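Open the model in your viewer and keep the selection tool at hand. The stops below say what to select and what is there.

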Amino acid sequence: MTDKLSFAITTFLNFELNGFKQEYLSYFLILTVGVIHGSNDLALLKHIKADKKWLKKPLLFYNGLIYVCILIFFFNPILAFTVFMLASCYHFGEQHFHNKMISSNVLSRLLYFSYGSMIFSLLFYFNKEEVSTVVLQFLDFDFSFTIFNYLVVFSLVLTVLLYVLSLNNLRETSRHLHEILLILIFALLFKYVSLLWGFTIYFIFWHSIPSIRDQIKIMFGDVNRMNYYQYFKSSFLYWILSLVITVILYFYCITYSINLNTILFTFLTSIIVSHVIVMSFVNRK
């Protein structure tokens, strides 16, 4: 999916749907496309030729990662939130740039992290009150809104600096003006949408869908209708299992009067962190 098509779809949805419908569509997209994009990690692990013992049993390795993330959330929410943010920042930047780099090195990885940090900083800056409410709800922790101003400036300056330093490592197909316009588009979108809807827009249309295409190329060699079918067929069982776990978490939250958003956060933390580690190995292959 091209950036132009992604922007056209998200603009249409933003104007056609009210806040209530956007919220439910966000949950639907995250639990379908978002979860599916991380549901083939076990198959992707088979493409990694590694000598490390923990990768020789991918099912044990992957499930262990998920359980550890869930346990961290329930026993130390602040640590879980920190891990979630750091992993998401790196992963979003990695997905955006890894195909544009000639080789992966320390500088490129720093660029991945700074770019993802910039995306989150923009989203948080334009949704300060919502972010503060979410953080207070999850972590019982309050902070000054001025921190978002510093985060936006710092992450933007750092991303520009790292991008300039990485010019020699960028493929010739990289379009610098296009990258600037994308940042402006994201800032414009985040300014006029809610926190959840803004996150969903980027997570689905600029991250999950491009990631699915990359994974299909790795697993099947080419992106076409048949390979899309094979990909979804391969991920179906794990996707169903993920939804079952979500339902279990839902009833747990109902029983103990925990907010519904906690389920989504816990679920995303466990899936994203595990997926980030797997894709990091795959992209270095």
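**Where two helices meet**

Start by selecting Ile 212, Arg 213, Gln 215, Ile 216, Met 219 and Phe 220 in α10, which meet Asn 227, Tyr 228, Gln 230, Tyr 231 and Ser 234 in α11. Keep in mind throughout that this is a predicted model.

For α10 (residues 195–220) and α11, the angle is about 95° and the axes lie 10 Å apart. That makes α10 roughly perpendicular to α11.

**The whole chain**

Zoom out and colour by secondary structure. The protein has 12 helices and 0 strands, so the order of elements from the N terminus reads α-α-α-α-α-α-α-α-α-α-α-α. The protein has 285 residues, of which 47% count as buried.

Select Trp 206, which is in helix α10. Is Trp 206 buried or exposed? Trp 206 has a relative accessible area of 7%, so it is buried.

Next select Ser 242, found in helix α11. Ser 242 has 2% relative accessibility and therefore counts as buried. How far apart are the C-alpha atoms of Ser 242 and Ile 36? They are separated by 9.3 Å, with the two residues 206 apart along the chain.

**The salt bridge**

The structure holds 1 salt bridge. To find it, select Lys 100 and Glu 179, whose closest N and O atoms are 2.5 Å apart. The pair links distant parts of the chain, 79 residues apart: Lys 100 is in the loop between α5 (77–97) and α6 (106–125), and Glu 179 is in helix α9 (residues 176–192). With 22% relative accessibility, Lys 100 counts as partly exposed. Glu 179, at 7%, counts as buried.

**Around Lys 128**

Move to Lys 128 in helix α7 (residues 128–139). Which residues does Lys 128 contact, leaving aside its neighbours within four places in sequence? Select Phe 145, Phe 148 and Asn 149 to see these contacts. For Phe 145, which is 17 residues from Lys 128 along the chain, the C-alpha separation from Lys 128 is 6.5 Å.

Which helix gives the most to the patch? Helix α4 (residues 58–75) does, with 3 residues. Tyr 256 sits in the loop between α11 (225–255) and α12 (260–284). Its relative accessibility is 54%, so Tyr 256 counts as exposed, the cut-off for that being over 50%.

Definitions and conventions:
Residues are numbered from 1 along each chain as its sequence is written. This is a predicted model: local features need pLDDT of at least 70, side-chain atom pairs count only at pLDDT 80 or more; totals for chains, interfaces and linings use all residues. Side-chain values use heavy atoms; hydrogens and water are left out. Helices (H or I, at least four residues) and strands (E, at least two) are DSSP runs, numbered from the N terminus. Buried means under 20% relative accessible area, exposed over 50%, partly exposed in between (1.4 Å probe, protein chains only). Contact means heavy atoms within 4.5 Å. Axes are lines fitted to C-alpha atoms, for helices over the stretch in contact, and angles run from 0 to 180 degrees between N-to-C directions. Angles under 35 degrees count as roughly parallel, over 145 as roughly antiparallel, 65 to 115 as roughly perpendicular and the rest as oblique. A salt bridge is a side-chain nitrogen of Lys or Arg within 4 Å of a carboxyl oxygen of Asp or Glu.
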